[in-house]
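Trainee: Before I use the terms for this model, I would like to know what stands behind them.
Mentor: Here it is; ask as you go.

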Amino acid sequence: MLATLDYHRSRLASGVTVARSASRPSGLGAARRPDCTVGASMIELRDVKKAFNQGQHNEYWALSGITLNLEAKRVTALRGPSGSGKTTLLTLIGCLARPTSGRVSLHGRDISGLPERFLTEIRRQTFGFVFQQFNLIRGMSALENVMLPAFPTGRAHRELVERADALLERLRLTHRRDARAEWLSGGEQQRVAIARALINDPEVLIADEPTANLDTALAKEFMAILEGFGAEGRTVILTSHDPLVVESAAVHRVIDMRDGLLVEQ
Amino acid sequence: MSPWFEKQRHLIDFTLASLARRKGRHLGLLVVFALLVFALASAMLFAHALRHEAQQILDGAPEIVLQKLVAGRHDLIPPGTIERISGMRGVQQVHGRLWGYYYDPVVKANYTFLVPPDNSIQPGTLVIGPALARQRGLAPGTGISLRSYSGALYSFAIAAVLPQASELASADLLLVSEADFRAFFSYPADHYTDIALSVANPAEVRNIANKLAKLLPDSRPILREEIQRTYASIFDWREGIMLALLSAAILAFAILAWDKASGLSADEKREIGILKAIGWETGDIIKMKFWEGALISLIAFLVGFIAAYVHVFHFGAPLFEPVLKGWSVLYPRFVLTPVIDGLQVATLFFFTVFPFLAATLVPIWRAAVTDPDAVMRT
């Protein structure tokens, strides 16, 4: 009840109309974070603006004032044409960049003004990233790529290998664990990127245009994986303008963007 | 193991993997760097060992050598001089020395004739230096005939060849009896080439030299420390000349190494961006790259230095020998005693490893402090 109230309050506050909202089955698995109830506001953005090359002749405002609440244990898609600001918004949510103005809060804690070191810590613990180009490190095996985000945590090597192996098995990549990143197909690279994003068991998975470099079959495969995440109650935030993604049943909420603003519907 | 150690282990693992991934580039850097260290260390080690060798030899020389001068030129010590100075306070021992140069037209080389202080050579025999023995094909039991400056022919039997170990000092040496020396050079009786003085107290050497200069105003006292200093400056000068000659090559190598080390490839920049985006701290990335540069430069330094050591002390520095040793017809063959000057090694280390590390770290730092969101846009 409390969660539903929070959710509706956040909708009112942000003024955002949700295309397909919490009425979809959430596919809840065992609760991963005891303090996160379904639909509770996890990430809040208040009048967030982001400028590039500020004060220079080529100053460009990618975001012009975004107010938005993102719920825990939901799959949320940011939809919009190129240049609409969805990737920039994703970088602010994922602590990859700081807003020029406005506030970003995670679990009620303002993180927009934190120094880079703390942002890195939050990024490592809370977010897992799947990049559009997958961004695996060439010359390293699939297994090593998966383990990379966990290196700064100081976890035991054996534990890391076990965890990475389990993730690769889950994503049906055990047979490619020792293959170098550049030898993998597009779909395999994406699954390795997903496994890498999950190695630190983050609360939130962030994916930027996850199907942009995949054919239809591989895109459907990705959606199946996404449904699995939805079913186990993981928070997923992704950007896409692919109908296969944004119209999928795995996506609980779609937020439209244009020209650095949310689109009112 | 504590998380801190595990983290360092992961960083080192990643660094080694990263080195292996760019084998060609890193091997190229390693070779260039090692060659640079090799050239510099060879010159330094060789010159230092020569200085040390000269020092060792001169340690056995008398504290003061007194020469008589006529019109500013070296002249013979007349009779009575030794007696005049032998009673001087602080002088332990005084003896007149007999030595001279002889040009052998057969091998077109100069020999040094010397009467040993104990005059232990039997008349009619010679003890010769190893280089001379090689050049003239002499061995104990064989003989040699030499025409004196007066035109008379003298025949000597070779009693012995001086040991190889003393070759640096004795390559062209002939030890001869006093009687043969005086006869061969038509040397006037009771005259000496110069006088060697032993002084017990090193602090007194200068005082005694001053007294000698006052007592014998037409003579010149030469101190051992002055000779040592002269030798040191000769080798310093030669080392300097060699380094100057090498400097163009060194500079070319340095520019290449700097370029290779400081230029980050697009691939490396991308890699740094990815690592930052997936949760690596700027400090971790700088540390990792620091280890990368440190490993390359330390290995190259070790390889270059060890190669220089082997080159100088096992092969006699064939690459730099002609410049550093000087020229002679009777070239001494000798193996230098391995001596390493810690300060020189530290200086070489400081001027090679540190600039390299700086060259690698600056661009890494620049790349590592950029916002991690760049990776989302590539």
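**Terms and values**

Mentor: In chain B, 30% of the 378 residues are buried. This is a predicted model, in which local features need pLDDT of at least 70 and side-chain atom pairs count only at pLDDT 80 or more, while totals for chains, interfaces and linings use all residues. Residues are numbered from 1 along each chain as its sequence is written, and chains are lettered from A and ligands numbered from 1 in the order in which they are written.

Trainee: What makes a residue in chain B count as buried?
Mentor: A residue is buried because 20 or more other C-beta atoms, placed from the backbone, lie within 10 Å of its own.

Trainee: Why is the set of 85 residues called a nonpolar core?
Mentor: The name applies because a nonpolar core is a set of buried Ala, Val, Leu, Ile, Met, Phe, Trp, Tyr and Cys residues joined through C-beta atoms within 7 Å. The largest such core has 85 residues, and V146(A) and L168(A) are among those with the most contacts inside it. Helix α6 (residues 186-198) of chain A gives the most to this core, six residues; a helix is a DSSP run of H or I of at least four residues, numbered from the N terminus. A second, separate core has 31 residues, including L66(B) and F156(B).

Trainee: How do you know that V146(A) touches A164(A)?
Mentor: Contact means that the two C-beta atoms, placed from the backbone, lie within 7 Å. V146(A) touches A164(A) and also, among others, V192(A) and I199(A), not counting residues up to four places away in sequence.

Trainee: Which helix supplies the largest share of the side of chain B that touches chain A?
Mentor: The contact takes 26 residues from chain B and 27 residues from chain A. α1(B) gives the largest share of the chain B side, ten residues.

Note on methods. Buried ≥ 20, exposed ≤ 12 C-beta atoms within 10 Å, placed from the backbone. Helix = DSSP H or I, 4+ residues; strand = E, 2+ residues; numbered from the N terminus.
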